[in-house]
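Please look over the sequence and the structure below before reading the report.

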Amino acid sequence: MVDFTLTPRQKELRENALEFAIKHVMPSAERNDRVPDVERAFDWELVREASRRGLRTLTVPKDWGGEGADVMTLSMIGETVAYGDLGVAVAFDQTWKIMTMIANLTTPEQRKRWMPKVAEDPTCLLAAAATEPLSGSDSILPYNGSDGGVRMTAVKKGDRWILNGEKRYISNGGLANVIYVMARTDTRLPPSESTVGFLLTSDTKGYSCTEVWDKLGQRTVQNGTLVFDNVEIPDEDLVGSRGGALAELGALLTRFGSNIQAGATVLGVAQRAYDITLQYARQRIQGGKPIFEHQIQQQRLARMSMKIDAARYYLWYSGWTAQQGQPDARVASLCKVHAAECAVEVVTQAFELWAATGYMRKNPIEKLLRDAQSFIHSDGTNDVLTLKAAGRLGNIEKGDPRYSKRVEEAAAGR
Ligand SMILES: Cc1cc2nc3c(=O)[nH]c(=O)nc-3n(C[C@H](O)[C@H](O)[C@H](O)COP(=O)(O)OP(=O)(O)OC[C@H]3O[C@@H](n4cnc5c(N)ncnc54)[C@H](O)[C@@H]3O)c2cc1C
């Protein structure tokens, strides 16, 4: 039976995250969002504070001093931090999800070397680099022609790999000290057989972040171009199966909870938009009474709250299936699509209610409007994730009790 009752520990973590979001993240979010130079918009003090609170290391396994949190807990905490600011939540959420992948894909020997780097450095953030100038959705759907896939090359030389190529739009690019990167061992082979994942630290020779992209929303976190110029990585830092990194990226998005967590963070934006709009509607007087008392605005707010609840429980349900050991990849993709659409719709409705006042940059809605857009394309475009889910819709075959003879006849034109 599906059960969303929060455990005492989940309640404790959520209170911790809410205090962090309201006391520490929110006060500087709008100021940092407007810093013209995006390289200066990230607040490192927030990372140190999250470390003190145990929030940065939520997915570090307990044996290594972390929380070992499950996907449903991460959804809750990600949404709560994003309530303070989406960009800041993304910095942590990337770290949580990549840590989960490292914990799942690495050997005991690799964990011994990599876990302390993340757990013990209070400013350690993680990044995962797949996207390249010529390869975006191809790694997510994925396209298996040898002319597609990532172009970054990994050439074996003795017991080392030499990496050359460029990644772009990478969240935490320029901030992360530990990076997971995907490269091809042989670009003549299909990507499903030739894509490998490596771990490296940002001080590795030949590695650099050459550009931090200015962007519409999520301006408080960095999205970087990462250049690999003859970067040498020892064979022992190849993670996962040799050639199977594309399938592993697919697992990160669905089974390991990346899409679910991504949806949860953008939902935090919707919740914030709803809360401030409810307050505004109760306080703003037009037509002789608070605008909340005009039925059309009440309906608008009721619908906004309904959409947020539905998106949240869809995300939690998906997290719950993963926790039961039966993750549903279709639902894991779709709950991110749904949450991203919900956030855009809720913030647009909020914008409608705020009217001209919402359009002014001094007021908080316009930032939420920009932030909400980011997950239509991040963590896999909604179009591509929907296509992936469509491939998992199944069929109702003859012999299935739901099979309809009349439908068969109608399809045959009878
Ligand atoms: C805020 C943000 C953060 C990001 N962070 C990261 C990160 O940390 N790491 C990382 O590796 N990447 C990251 N990305 C990149 C993101 O994952 C890619 O943008 C995404 O995969 C899409 O790639 P693209 O932009 O090159 O679009 P393209 O793949 O070129 O797609 C263009 C359009 O074509 C559609 N399309 C593509 N293929 C198909 C198909 N087969 N069938 C039908 N339609 C198709 C897409 O849906 C889209 O509408 C981030 C992006 C954003 C916006």
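Where does Pro-142 lie? Pro-142 is in the loop between strand 1 (126–129) and strand 2 (153–157).

## Basis of the model

This is a predicted model, in which local features need pLDDT of at least 70, side-chain atom pairs count only at pLDDT 80 or more, and totals for chains, interfaces and linings use all residues. Residues are numbered from 1 along each chain as its sequence is written, and side-chain values use heavy atoms, with hydrogens and water left out.

## Overall form

The protein chain holds 13 helices and ten strands. Helices (H or I, at least four residues) and strands (E, at least two) are DSSP runs, numbered from the N terminus. The C-alpha trace spans about 80 × 70 × 40 Å along its principal axes.

Of the 414 residues in the protein chain, 52% count as buried. Buried means under 20% relative accessible area, exposed over 50%, and partly exposed in between (1.4 Å probe, protein chains only).

## Backbone exceptions

Most residues other than glycine have a negative phi, and most peptide bonds are trans. The peptide bond from Leu-141 to Pro-142 is cis, with omega near -20°.

Ala-355 is not a glycine, yet its phi is positive, about 55°. Ala-355 belongs to helix 10 (residues 329–359), and it counts as partly exposed because its relative accessibility is 46%. Asp-379 also has a positive phi, near 65°, in a residue other than glycine. Asp-379 sits in the loop between helix 11 (365–372) and helix 12 (382–390); its relative accessibility is 16%, so Asp-379 counts as buried.
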